[in-house]
Amino acid sequence: LIYPFSSRGLKMRSEDLAVRLEEAEATLRAIREAAVDAFVIDEGEGSRVYMLEGADRPYSILIEQMQQGAAVLGADGSISYCNTSLAELLGVPVEKLIGAPLHGYIAADQRAYFQALLRAGRTRKGQGEIRFERGNGTRVPVRVTVSAMERDRGGAVGLTITDLTTERHYAELLAVNQALRASEARLKAEEEHQNFLIGELTHRVKNTLAVVHSMAHHTMRNTGTFAEAVAAFEARLFALSSAHDLLISRSWRGAEIQALVAAVISPFRGGSSKSRISICGEEIWIQPNVAIAFSMILHELATNAVKYGSLSSETGRVEISWEVAQDNQQTFQLRWAEIGGPPVEMPRRKGFGSRLIEQGIAPNTSGDVRLLFAREGLVCTIDAPLDAIRGGTCQDRPPETLSVR
Amino acid sequence: VNETGETIEQKTETWALRLYVAGQTTRSVAAFANLKKICDEHLPGRYSIEVIDLLVHPQLAAGDQIVAIPTLVRKLPEPLRKIVGDLRDTERTLVGLQVRPASLTLGGEKAVHGTDA
């Protein structure tokens with residue numbers, strides 16, 4: 001028992017007062033230095049905390065209410081401050097986060113990267129993308145901006161954290177949308193191509209039917225007996241068919257003139273005629289409509305040669321040649337020359353064959369066909385601008401016609 | 001007393017610290033960050049910090065007679081010590097916690113106070 005006014009009691013009282021005085025002075029000094037920002041007031045029924053509204057109060061409210069996460073990390077990476085948004089993002093209460101190391105919430109394979117980001121952020125502002133790992137194992141992609149705090153925070157860094165989930169979803173949606181647009185464009189292109197092919201097919205069928213119709217009409221009208229007419233028609237149909245076969249094998253893009261001439265002349269080169277028809281000329285890729293016209297003309301010339309011309313005798317022959325004249329227009333010139341046949345006489349009337357030869361090429365090529373009935377042998381020449389003969393693609397060409405009056 | 005001013009006894013003791021804060025005010029956040037740094041440097045591996053948010057638990061202020069926030073209380077080792085403020089001055093905090101004797105660092109001037117429990 002110590003009496004208050006005993007010497008020991010007074011000494012203890014004095015020491016207690018000294019301590020209280022020091023405490024009061026230290027508190028006053030902390031207030032003067034603005035090292036405190038809240039006070040606890042005893043209001044009888046209990047204590048209540050009153051906050052000092054400092055100049056930084058509006059900023060604190062702003063940071064607390066912003067949608068982005070915000071945090072201050074100490075030198076060791078532990079969280080000394082974080083706002084509610086970050087706590088919600090991590091699914092952990094704020095009070096559990098304070099003091100905890102943030103890297104505990106970062107996907108294990110990205111912690112080294114995050115540490116490097118923090119180190120860099122202590123000297124200059126840095127930014128990077130990482131994935132947070134929540135307690136339930138779900139991962140959240142975030143963009144982290146790191147910036148150094150003022151010096152008295154002892155190596156602390158400030159972080160702002162943006163949830164990229166929505167951004168990523170949007171990017172994925174955008175990619176899907178772009179892929180859909182690309183397939184839509186592809187489908188449209190394919191549909192257009194299909195429509196083009198259907199149009200092309202229709203065009204060709206109509207043209208072929210027109211050619212066959214014309215051939216049948218003129219053959220039946222101008223050829224002697226029915227049997228002769230049928231034979232002539234079949235032969236013409238065969239010539240047309242061989243040209244078609246060649247064009248189909250080239251996807252109807254055109255044909256090589258050498259191959260075309262060889263195909264049309266082929267039925268006339270059998271037996272002794274084999275070496276009597278010579279073919280000579282440079283290789284030229286010709287348009288489909290020109291190929292059809294050439295095949296018909298050459299067929300008529302060959303038929304005529306077998307019936308009345310050089311191929312009707314044992315010694316006669318035919319020279320088929322072509323070249324491109326190096327004039328301004330680069331004129332294509334094809335020459336059919338019959339040699340060594342019986343003497344040629346001017347025909348009394350022009351049959352279908354002659355009219356086809358003379359008129360068949362003109363509508364397609366602006367070409368000029370001349371028949372010279374020289375006594376020593378028939379000579380047929382075809383002149384046409386090379387550009388009109390030569391094929392590129394089968395698009396944008398004039399319609400094929402076989403118009404013979 | 002060793003080279004850092006600690007007694008051999010202190011060197012082996014665990015320091016139980018309690019920091020009173022008011023939510024995440026600027027000074028509370030600064031006090032926590034400063035305290036963490038000081039402890040990591042001077043009491044590595046032998047300290048514990050208990051943070052008490054008086055906005056959430058105002059009734060806990062009475063026990064340690066807290067009047068201003070932030071306030072750090074050294075519960076262990078005894079005697080109980082209190083430091084008011086955001087702990088921005090490391091030397092003053094070390095003296096206040098008695099990690100370092102006042103005479104060795106501040107020429108005998110006591111910068112912070114201590115009180116017996």
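Buried area is the accessible area, taken with a 1.4 Å probe, that two parts lose on being put together, summed over both. In this predicted model, the area buried between chain A and chain B is about 2,900 Å², and carbon and sulfur atoms give 54% of that value.

A word on conventions: residues are numbered from 1 along each chain as its sequence is written, while chains are lettered from A and ligands numbered from 1 in the order in which they are written. Local features need pLDDT of at least 70 and side-chain atom pairs count only at pLDDT 80 or more, whereas totals for chains, interfaces and linings use all residues; side-chain values use heavy atoms, with hydrogens and water left out.

**The interface**

Let's stay with the two chains for a moment. With contact meaning heavy atoms within 4.5 Å, chain A brings 32 residues to the interface and chain B brings 35 residues. Three salt bridges are found across it, a salt bridge being a side-chain nitrogen of Lys or Arg within 4 Å of a carboxyl oxygen of Asp or Glu. One of these joins K36(B) to D76(A), with the closest N and O atoms 2.6 Å apart. There are also 14 residue pairs in polar contact between chain A and chain B, with both residues at pLDDT 80 or more. A polar contact is a pair of N or O atoms within 3.5 Å; within protein, one must be able to donate a hydrogen and the other to accept it, and residues adjacent in sequence count only if both atoms are side-chain atoms.

On the side of chain A that touches chain B, the elements that give two or more residues are α1 (7-32), β1 (38-42), β2 (47-51) and β4 (79-82) of chain A. Helices (H or I, at least four residues) and strands (E, at least two) are DSSP runs, numbered from the N terminus. The largest share of that side, seven residues, comes from α1(A). By type, the residues there divide into 16 nonpolar, seven polar and nine charged; Ala, Val, Leu, Ile, Met, Phe, Trp, Tyr, Cys and Pro count as nonpolar, Asp, Glu, Lys and Arg as charged, and the others, Gly among them, as polar.

**Inside chain A**

Chain A has twelve helices and 14 strands, and buried residues make up 40% of its 405 residues. Here buried means under 20% relative accessible area, exposed over 50% and partly exposed in between, with a 1.4 Å probe and protein chains only.

The structure holds one aromatic pair over all chains. The ring centres of F294(A) and F332(A) lie 5.8 Å apart and their planes meet at 25 degrees, so the pair is stacked. Rings of Phe, Tyr and Trp (its six-membered ring) pair if their centres lie within 6.5 Å; planes under 30 degrees apart count as stacked, over 60 as edge-to-face and the rest as tilted. The pair links distant parts of the chain, 38 residues apart: F294(A) sits in helix α9 (residues 288-307) and F332(A) in strand β12 (residues 331-339) of chain A. Both F294(A) and F332(A) are buried.

**Backbone details**

In chain B, a cis peptide bond joins L76(B) and P77(B), with omega about 0 degrees. The bond from E78(B) to P79(B) is cis too, with omega near 0 degrees. P77(B) is found in the loop between β4 (71-76) and β5 (81-84) of chain B, and P79(B) is found in the loop between β4 and β5 of chain B.
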